[in-house]
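I opened my notebook and loaded the model. I wanted to look up a few things and write each one down.

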Amino acid sequence: MLNRRDTLKLGAIAGAGLLLPVSRLSSALAEATALAPFTQPLPIPPVLAPTSTSSVADFYEMTIAPTTANILPGLSTPVLTFNGSFPGPTIKARRGRPVQLKVTNTMSTPSSVHLHGANVRPASDGHPVDLIQPGASKTYLYPNQQPAATLWYHDHAHHIEAEQVYRGLAGLYLIGDQNTDSLQLPSDEYDIPLLIRDASFDEQGRLLFTLDGFASRTVVLVNGAQQPYLSVRRRKYRLRLINAANSRPIKLTLSDGGQFVRIASDGGLLEHPVTGAEIELWPAERAEVVVDFSTRQTGDTVILENIFNGPNTPGRQLLQFQVAESAPDNSQVPNNLSVHPVFGQPIITRTINLGRDPTNTFYAINGLPYDPNRIDFQCKQGSTELWVVNNTDGQYNFPHSMHIHLVQFRVLDRNGVAVGPEEAYPKDTVRIPAGQTVRILVRFSSPFTGVYPYHCHFLDHSSAHMMAQLEIVP
Ligand code: C2O
Ligand code: CU
Ligand code: CU
């Protein structure tokens with residue numbers, strides 16, 4: 001497990017930018033052990049059943065445990081799991097109906113479980129030092145007083161979240177609501193989660209982890225499987241896309257040049273659908289899209305591809321859709337999906353610099369390493385702030401992102417260019433390419449006050465100090 005000395009060794013990595021030559025990215029091992037592509041069905045993570053329900057809440061339990069998973073043919077891979085599932089089981093919640101989640105940690109290391117994108121009290125936020133020690137349990141309370149959204153939960157233990165998420169501690173948490181039901185979007189078996197992450201394996205099938213070792217993570221897994229296929233009917237599907245990789249940005253396309261109709265962003269529905277042929281998602285970003293397979297013929301195949309690094313992107317072909325017969329389809333994508341809140345005028349402008357510290361030994365926010373006891377500023381509950389977030393690592397070509405717990409913010413512009421509506425709201429994570437500046441409006445409208453982290457969501461960076469915290473005060 002990661003110790004302080006490993007963290008400090010990071011200094012040696014500076015200069016290894018994101019866009020490495022493809023020759024250095026290829027892994028002979030991954031090719032040698034790969035199944036023939038598109039021969040195993042796409043796994044769908046199991047939906048977690050409540051252990052009990054009452055008139056006021058649903059109760060769930062999960063156990064964090066090391067186990068093994070069959071990821072590569074003939075090999076068994078030690079992984080860390082919630083309830084033995086890689087990735088973890090999916091929790092389906094409803095707006096207005098609270099969830100109580102009891103998590104028991106049977107690993108030898110501490111954990112903390114964070115529900116990414118959720119509006120929750122600090123005590124249930126999975127703060128990096130609010131740990132579930134080995135052998136202990138903790139109950140998180142999720143009020144679900146927020147619009148329908150594709151959220152995800154993941155480990156957040158101080159300094160080790162990168163490794164623990166990489167080894168498997170992540171899963172989906174879907175909130176549904178009446179507004180979304182009334183839209184008649186594709187649902188049930190036509191609503192498919194695609195949790196995408198990368199990995200590096202040794203010849204025995206063990207996951208290799210080194211902090212910032214993204215260049216060797218050339219195997220890309222969808223719902224824990226390498227290059228699976230999904231048999232689809234000739235009709236519309238809703239796909240929930242989650243980039244759950246530690247450090248790999250993806251840009252998704254369909255191999256037949258088809259279009260995605262984007263309907264939701266990180267924190268829920270867009271106001272109106274946005275049609276396009278590419279979906280760019282950096283770590284922790286989500287998009288919900290509708291793809292209409294009725295425009296294909298039975299027997300066609302369409303491959304979901306990642307072309308972020310161009311045609312030779314490692315693990316480019318992620319998933320194959322195999323088009324079967326038609327199926328009845330009365331789903332639709334209405335032009336009006338939701339109505340977004342109006343933000344007030346910002347009462348303060350803050351400058352947040354994401355970049356290596358001046359001595360180039362760690363990833364810093366405003367020059368400082370993460371200290372769970374330090375609060376960088378206080379924010380007034382109910383107010384709106386303008387954050388100017390600079391990526392100051394242009395010289396190293398390091399990408400970063402900004403994730404703020406608790407809130408869904410509004411992205412204004414990147415290097416002065418307004419972002420499209422698909423990236424404007426509701427967002428909890430925004431990408432900041434090397435050397436660029438992104439401006440966001442943050443509104444602290446939550447009923448909750450207290451201390452919350454904000455950090456780069458390249459988990460290899462947040463685990464190496466690129467994290468800070470604010471305090472919301474009444
Ligand atoms: Cu998904 Cu603090 O992170
Ligand atoms: Cu979060
Ligand atoms: Cu970063």
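My entries follow, topic by topic.

**Ground rules.** I work with a predicted model, where local features need pLDDT of at least 70, side-chain atom pairs count only at pLDDT 80 or more, and totals for chains, interfaces and linings use all residues. Residues are numbered from 1 along each chain as its sequence is written, chains are lettered from A and ligands numbered from 1 in the order in which they are written, and side-chain values use heavy atoms, with hydrogens and water left out.

**Confidence.** I checked pLDDT, the predictor's confidence in each residue, from 0 to 100. The chain averages 93, and 93% of the residues score at least 70. Residues 1–30 stay under 50. For this stretch the model has 63 contacts beyond four places in sequence; a contact means heavy atoms within 4.5 Å. I note that where pLDDT is low, the predicted coordinates should not be read in detail.

**Copper ion, ligand 2.** Which atoms coordinate this ion? I found NE2 of His-114 and NE2 of His-403, at 1.9 Å. Donors are N, O and S atoms within 2.8 Å of the metal (3.2 Å for Na, K and Ca); water is not among the atoms, so sites may look incomplete. His-114 sits in strand S6 (residues 113–116) and His-403 in strand S26 (residues 400–404), 289 residues apart. Strands (E, at least two residues) and helices (H or I, at least four) are DSSP runs, numbered from the N terminus. Both histidines are buried. Buried means under 20% relative accessible area, exposed over 50%, partly exposed in between (1.4 Å probe, protein chains only).

**Copper ion, ligand 3.** Here I list His-400 (ND1), Cys-456 (SG) and His-461 (ND1), at 1.9 to 2.1 Å. Their spacing in sequence is H-x55-C-x4-H. His-400 in strand S26 and His-461 in helix H6 (residues 459–462) are 61 residues apart. His-400 and His-461 are buried.

**Nonpolar cores.** I looked for sets of buried Ala, Val, Leu, Ile, Met, Phe, Trp, Tyr and Cys residues joined through side-chain atoms within 4.5 Å. The largest such core has 61 residues, and Leu-470 is among those with the most contacts inside it. Leu-470 touches residues including Trp-387, Ile-404 and Tyr-454. Another core, of 29 residues, lies apart from it and includes Tyr-190 and Leu-230.

**Gln-322.** I found this residue in strand S21 (residues 317–326). Is Gln-322 buried or partly exposed? Gln-322 is partly exposed, because its relative accessible area is 26%. Gln-322 touches Leu-230, among others.
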